[in-house]
Amino acid sequence: MFYILHGADEFTCSEALDKLKGRMAQEGMGDLNITRLDGRTVGLQELMNACNTLPFLFDRRMVIVEDLLRRFQPRGRARQRGGGRIPVSDADKEFADKLADYLPDLPPTTRLVFVEGVRLGGNNRFLKRAKDVPDAYIHDYKPREGRELESWLRERTQAKGASISPQAAALLLSLVGQDLRRLDQELEKLSAYVDYARPIAPEDVRALVSGTLESNIFALVDALGLRQRRRAMAQLEKLLADPNAHELYVLAMIARQIRLLLAAKDLSEAQGMRLREIRRELHISRDFIVEKLLAQSARFGFDELEAILRRIAKVDQDVKTGRAEAELALELLVLEICQTKGKRPAGRA
């Protein structure tokens, strides 16, 4: 029997794996019969030996192989005329052929679990083969979004013995996004904070939950659009204090946000697209992000957004060539945008 657990929802996938391991841990002998292998480096013989080993004082054993099956599918784009995907190497193709031949002979005492941190493509030969094997199980853990994500959040809160108001849930999702693992951690903290005695409120979320880099960029751009110099500088300081945010990364994130504002404004005002159409065109995961983009873009004119992008490009060049110090250049950029006054053009000339 073998399992294929794959998909972008790493948190739910890991929980499913924990449940499988939990069944093995019964009677206190499970851990002795669980083997984990790194699929990026494992050899075929090592994998087969692990699967062929008899369980110790138990009726079955589990072999978990992480990130192996992705090796057996074309990936990326070939850097050559004509394009096309980069083919699987000869060594990996031979590995895949022999592993496919071995799977029908898997010992009945072994549970082989393939865990992939990405979604496998439909052309993956093992996905195709598993569909024809009666004792093979496949689960694709897709990212949750929209109403499904909101339902998951409510259910997760209830499972912890707490509750959350719709406003607090929306705020939490805007700060954290689709990261289920962090959402679960924040819910654990928030539930304890309200002592499981009352619903989690927006003020609780504001007090305990710090935003992601993306949400902090939203807040910075929002302050820039309102010309709130102090708030914008405070948001910039918060971004620069993040250990994961280099100054040039912050500048790139600001540039990305301005480009999104310009694109959203063009699609909405110039092309007359509706929210869902804009979301699809910009490949944005949730409606509320598009709503934020549209609200922020209304505070800028087309010419102004294009001028900001040109200024960002100049700052980027100056920093990379040593003509400007990165943190100071960012601060001057923010101040310059906040000082822009006068009527902003509603459309392009």
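How many helices and how many strands does the protein have? The protein has 15 helices and five strands. The structure is a predicted model, and its chain runs to 349 residues, of which 46% count as buried. The protein exposes about 19,100 Å², and carbon and sulfur atoms supply 49% of that area. Among contacts with a separation of 6 or more, 72% are accounted for by residues 24 or more positions apart.

Confidence is described next. The mean pLDDT of the protein is 84, and 90% of the residues reach 70 or more. Confidence is highest in helix H2 (residues 44-52), with a mean of 95, and lowest in helix H9 (residues 213-225), with a mean of 77. Over residues 76-86 the pLDDT is below 50; in the model this stretch has 14 contacts beyond near neighbours in sequence. The pLDDT is also below 50 over residues 342-349, a stretch with 16 contacts beyond near neighbours in sequence.

Rolling a probe the size of a water molecule over the atoms shows where empty space is left. The largest pocket holds about 370 Å³ of space. Its lining is made up of 18 residues, and those closest to the centre of the pocket are Leu175, Ser215, Phe218, Ala219 and Lys292. Four helices each supply at least two residues of this lining: H6 (166-176), H9, H10 (229-241) and H13 (287-297). Helix H9 gives the largest share, five residues; H9 is also the helix in which confidence is lowest.

One cavity of 30 Å³ or more is present in the structure. The space in the largest cavity is about 30 Å³. The residues that line this cavity are Glu247, Leu248, Leu251, Val315, Val319, Ala326, Ala329 and Leu330. Helices H11 (247-270), H14 (302-320) and H15 (326-339) each supply at least two residues of the cavity lining. Seven of the lining residues are nonpolar, none is polar and one is charged.

Helix H6, one of the helices that line the largest pocket, is mostly covered, with eight of its 11 residues buried. The buried residues of H6 are Ala168, Ala169, Leu171, Leu172, Leu173, Ser174, Leu175 and Val176. Of these, Leu175 is also among the residues closest to the centre of the largest pocket. Gly177 follows H6, and the phi of Gly177 is positive, near 85°.

Positive phi values also occur in residues other than glycine. One of them is Asp67, with phi near 60°. Asp67 is located in the loop between strand S3 (61-66) and helix H3 (90-102). The cut-off for a buried residue is under 20% relative accessible area. Asp67 has a relative accessibility of 19% and therefore counts as buried. Another is Tyr196, with phi near 55°. The loop that holds Tyr196 lies between helix H7 (180-193) and helix H8 (202-208). Tyr196 counts as partly exposed because its relative accessibility is 39%.

Thr41 was considered together with Asp67. The C-alpha atoms of Thr41 and Asp67 are 9.5 Å apart in space, while the two residues are 26 positions apart in sequence. Thr41 is placed in the loop between strand S2 (34-38) and H2, the helix with the highest confidence. With a relative accessible area of 65%, Thr41 is exposed, whereas Asp67 is buried.

Arg156 belongs to helix H5 (residues 146-159). Is Arg156 buried or exposed? Its relative accessibility is 19%, so Arg156 counts as buried. When residues up to four places away in sequence are not counted, Arg156 touches Phe11, Glu15, Asp184 and Leu187.

Notes. Residues are numbered from 1 along each chain as its sequence is written. This is a predicted model: local features need pLDDT of at least 70, side-chain atom pairs count only at pLDDT 80 or more; totals for chains, interfaces and linings use all residues. Side-chain values use heavy atoms; hydrogens and water are left out. pLDDT is the predictor's confidence in each residue, from 0 to 100. Contact means heavy atoms within 4.5 Å. On a 1 Å grid over the protein atoms alone, a cavity is a set of points where a 1.4 Å probe fits but cannot get out, and a pocket is an open set with protein on both sides within 12 Å along at least five of seven lines; lining residues have an atom within 4 Å of a point. Grid points are joined across faces, edges and corners, and a volume is the space filled by probe spheres set on the points. Buried means under 20% relative accessible area, exposed over 50%, partly exposed in between (1.4 Å probe, protein chains only). Ala, Val, Leu, Ile, Met, Phe, Trp, Tyr, Cys and Pro count as nonpolar, Asp, Glu, Lys and Arg as charged, and the others, Gly among them, as polar. Accessible areas come from the Shrake-Rupley method with a 1.4 Å probe; for residues, only the protein chains shown count as cover.
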